[in-house]
Amino acid sequence: MKKNIVKFLSFVFILCSLFMTSCRDYLTEIEPGKTLLEDFYTSTAAAVQNVTGCYVPLMWEYNHTYCSEWFIGDVASDDALKGGGSTTDMADAYDIENWRTTDQNTLLLDFYRAQFQGIGRCNLALEYIDKMQVGIDDEFTESMKNRLLGELHYLRAYYYFRLVRVFAGVPLSLQVVRSSDDWGMPRASVDAVYSQIISDLEFANANLWKKSEYAETDLGRATKGAAQAMLLKTNLYMASPYWQTYGLSKSASACYADAKAWGDSIITSDEYDLCPNYEDNFTVAGENGIESVFEIQYAEVAWGDYGEGFGFTAGSFTQILMRCRNSEIGGGWGFDHPTQNLYDEFESGDPRRDVAILIPGTDVVASYQMQSDENYLGNTMVNNKYGMYRDPADVGGGYGKWSLHASRGPLNNRQIRYADVLLMYAEACLGTGDAATAKTYVNKVRTRAGLADIDAATDAALRHERRCELAMEGHRWFDLVRWEGVAGNGLKAHMDAYKAQESAEVQHHIQEFVAGKHEIFPIPQEERQLNPTNMEQNPGY
């Protein structure tokens, strides 16, 4: 699917021009040489290409600034410091790191807009592909049509999931926006957004193919297993104390029960398993493998696209953003520094620590003078999973491999791994009182890491395992919010405790965490100004 996405980038501009020519009064005669939008949807190839384009905004990490989701998921949490060359390097991420965020934050603005671009593409494709007649060519069978519609519903749900957990309620756009009259949508409630996500994912589950039913060239597309994993995940979020405070129409107990049922579905499908070697999950060779449930696809493309904005690269910026600043090792920008707090979370002998965290001055990097290069407020540790880890067998090999990729990396972003599914399932089991089954699946993940079994499944054991297994993969902040977001200002207490054990140099920059405010982020002011409904801002901003 990597090649499909690369090919699609040029197609986007053609589709946009077709869309623009279709927005005319129905009495206006079509100009010679102009094409109506609906004239495009005349073959399976066109429909597939259009759906492929709906995946593309997931890839976007740069517009006015860098806007990768891990700047929230890692940096806002106790897992990572912002990093970079100094505290002023990526000021928007510095604000997220230190509870200084305002509605002028351009990282959040670009992230918000990327998701709505994806939603808009899905809505357009859903409208026109749904109208296509089965049999329009030999490939456009009922199964193919349903699969494509399933992918679109999955993607729309995915974009909305990314939005709701950052901003809470957002406008619920489910139709093509054809004029400014359609644009004025108020913020929907959190309950309405989650309900739409569930509805889209249930449609996707009913219509998508299993992973094993796709051709190898189509690996990376949404599958039935991916829909089930997201139904498990969404129900877990809805069951949490924090999200329940938004007055959800579905009770926590019902959410836990449904989460467990969806976990049963994906686990019994026999479509997925854990990679024998944990580190294989973070190599090019390991992409879309047995443990992959859903990942964002990237390709190595040597385009001179710096500063061009959304959609001008098929490669990932994450590699250069995260890898070492030291030119002999990686020549990157050194963002997303793992914290000492995260390092200390790992048990003695846990091999996942060294896969996640690279410590300058040790092992293969002992001969390099990295301490000064990587120093950010006294922290010199580097994200090893996406910034530095790679296939030793690749040309170039070793710890200098990504330097060959300049500023665009080909490494996919693993959004949902099967290990994540097993731990979410264990959490759902705990939520339904089935501690025995929860213990089984926590221990399955630990066994792969070569660690001893836990004696009993508890919330603390589960949370420890998620933190170590998924370290530096952008999950931590969102987990903390749903676990600690209420109940006596639990998240504030957690973040205050983290701050207290950080160095005085780091503490100097961190402002006070405000319960009831900082669990979510502000709706960007530019978007509120553009929306004629006067969207209400989140509390405290």
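Predicted model: local features only at pLDDT ≥ 70, side-chain atom pairs only at ≥ 80, totals over all residues.

Q: Great. How do the axes of α7 and α8 cross?
A: Helix α7 covers residues 190–207 and helix α8 covers residues 224–239; their axes come within 8 Å and cross at roughly 155 degrees. An angle over 145 degrees counts as roughly antiparallel, so α7 is roughly antiparallel to α8. In this crossing, which is left-handed, α7 passes α8.

Q: Which residues in α7 meet α8?
A: From α7 there are Tyr194, Ile197, Ile198, Leu201, Glu202, Ala204, Asn205 and Ala206. On the α8 side they meet residues including Ala227, Met230, Leu231, Thr234, Tyr237 and Met238. By class, the contact of α7 with α8 has 11 nonpolar, 4 polar and 2 charged residues.

Q: Okay, on to the cores. Which residues in the largest nonpolar core touch the most other members?
A: Tyr194 comes up again, along with Phe71, Ile129, Tyr154, Phe167 and Trp477; the core has 146 residues. Helix α6, residues 142–167, gives the largest share of this core, with 15 residues.

Q: And what does the second, separate core include?
A: That one has 10 residues, among them Leu342, Tyr343, Ala471 and Met472.

Q: New topic: is Arg467 buried or exposed?
A: Arg467 has 5% relative accessibility, and buried means under 20%, so Arg467 counts as buried. Arg467 lies in helix α17, residues 459–469.

Q: What does Arg467 touch, not counting residues up to four places away in sequence?
A: Arg467 touches Asp78, Asp79, Thr339, Asn341, Leu342, Glu345 and Arg476.

Q: Last one: at roughly what angle do the axes of α15 and α16 cross?
A: Roughly 160 degrees, with the axes of α15 (residues 418–431) and α16 (residues 435–448) coming within 7 Å. That angle makes α15 roughly antiparallel to α16, and their crossing is left-handed.

Q: Which residues make the contact there?
A: On α15, they include Leu422, Leu423, Tyr425 and Cys429, and on α16, they include Ala438, Tyr441, Val442 and Arg448. The contact of α15 with α16 divides into 12 nonpolar, 1 polar and 2 charged residues.

Terms used
Residues numbered from 1 in each chain as written. Heavy atoms only, no water. Axes fitted to C-alpha atoms, helices over the stretch in contact; angles between N-to-C directions. Helix = DSSP H or I, 4+ residues; strand = E, 2+ residues; numbered from the N terminus. Parallel < 35°, antiparallel > 145°, perpendicular 65-115°, else oblique. Left-handed = near helix turned anticlockwise from the far one by under 90°. Contact = heavy atoms within 4.5 Å. Nonpolar A, V, L, I, M, F, W, Y, C, P; charged D, E, K, R; others polar. Core = buried A, V, L, I, M, F, W, Y, C linked by side-chain atoms within 4.5 Å. Buried < 20%, exposed > 50% of the residue type's maximum accessible area, 1.4 Å probe, protein only.
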